[in-house]
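User: I would like to go through this structure with you, one element at a time. Please keep the answers brief.

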Amino acid sequence: PLPVLAVVGRPNVGKSTLVNRILGRREAVVEDVPGVTRDRVFYEAEWSGTDFWLVDTGGWEDRVQGIAYRVAEQAELAVELADVVLFVVDANVGITATDEQLLKVLRRAKRPIILCANKVDDERGELEAAALWNLGLGEPHPVSALHGRGSGDLLDAVLAVM
Ligand code: GDP
Ligand code: MG
């Protein structure tokens, strides 16, 4: 079976945008408003010759559990099937209480966690991203899922622990 990479994060941090970026095509539904239903949340992806399943956990939560966002449950479901967790935060917003709550669940699962500091669209955002070293998850990977900035380095980091 292929390894599973679960993309986890609170609504609107850019999970689906990142999934599309990794796929190189638009399949995951991107919305300005959190809580969008879609048909499929598992996508077959490839990077540097490695195939893996990519899971857009936001979509799964919408479909299985309805509109209400249940942070801990989403994270628990995701890490249960994940080999590697890609934890996405919005570098411009910083760490919120919801992020902290999610992270607590993720840490318990003892899967490797790669930290993606998303929405770093240009150099100015790098400083905010660097502040995320505080989380104790190792290097925060600054990425612009929207423009593609940093996504290759992020995937290299994922593959290194996969
Ligand atoms: P999700 O709820 O975590 O799946 O987030 P989405 O992928 O649906 O994105 C939510 C919003 O953030 C959309 O308006 C995206 O266009 C925007 N967004 C996602 N990634 C980036 C990024 O790297 N930079 C900027 N500026 N906006 C982004
Ligand atoms: Mg989404």
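User: How many of the residues of β5 are buried?

Analyst: In this predicted model, β5 is mostly covered, with six of its six residues buried.

User: Which residues lie on each side of β5?

Analyst: One side carries I113, L115 and A117, and the other carries I114, C116 and N118.

User: How many bridges join β4 to β5?

Analyst: Six bridges join them, and the two strands run parallel. Within that pairing, V88 has C116 of β5 as its bridge partner, and D90 has N118.

User: And β4 itself, how many of its residues are buried?

Analyst: Six of the seven residues of β4 are buried, so the strand is mostly covered.

User: Which strand pairs with β4 over four bridges?

Analyst: That is β1, residues 4–8, which pairs with β4, residues 84–90, in the parallel sense. L5 has V84 of β4 as its bridge partner, and V7 stands opposite L86 in β4.

User: What is the strand order in the sheet?

Analyst: The sheet is open and its six strands follow the order β2-β3-β1-β4-β5-β6, with mixed pairing. β2 (42–47) and β6 (140–142) stand at the edges; each has a single partner strand, so one side of each is left without a neighbour in the sheet. From one strand to the next, the twist averages 30°.

User: Which strands does α1 touch?

Analyst: Helix α1, residues 15–23, packs on the sheet and touches β1, β2, β3 (50–56), β4 and β5 (113–118). Its direction makes about 160° with that of β3.

User: What about α6, which strands does that helix touch?

Analyst: Helix α6, residues 151–161, also packs on the sheet, touching β1, β2, β3, β4, β5 and β6. The direction of α6 makes about 170° with that of β5.

User: Back to α1. Which of its residues are buried?

Analyst: The buried residues are K15, S16, T17, L18, V19, N20, R21 and I22. α1 is followed by G24, whose phi is positive, near 75°.

User: Let us turn to the ligand. How many residues surround ligand 1, and which are the closest?

Analyst: Ligand 1 is surrounded by 19 residues, the closest being G14, K15, S16, T17 and L146. The largest share of this shell, three residues, comes from α1.

User: What does V85 contact?

Analyst: Leaving aside neighbours within four places in sequence, V85 is in contact with A6, V8, A78, V79, L106, R111 and I113.

User: Why does E27 count as partly exposed?

Analyst: E27 has 16 other C-beta atoms within 10 Å. A residue counts as buried at 20 or more and as exposed at 12 or fewer, so E27 falls in between.

User: Which residues does E27 touch?

Analyst: Not counting residues up to four places away in sequence, E27 touches N20 and Y43. E27 and Y43 are 16 residues apart in sequence, and their C-alpha atoms are 8.6 Å apart in space.

User: Lastly, the chain as a whole. What pattern does it follow?

Analyst: There are six helices and six strands, and along the sequence the pattern is β-α-β-β-α-α-β-α-β-α-β-α. Of the 162 residues of the chain, 40% count as buried. Among contacts with a separation of 6 or more, 69% involve residues 24 or more positions apart.

Note on methods: Residues numbered from 1 in each chain as written. Chains lettered and ligands numbered in written order. Predicted model: local features only at pLDDT ≥ 70, side-chain atom pairs only at ≥ 80, totals over all residues. Pairing = 2+ DSSP bridges. Axes fitted to C-alpha atoms, helices over the stretch in contact; angles between N-to-C directions. Contact = placed C-beta atoms within 7 Å. Near = placed C-beta within 6 Å.
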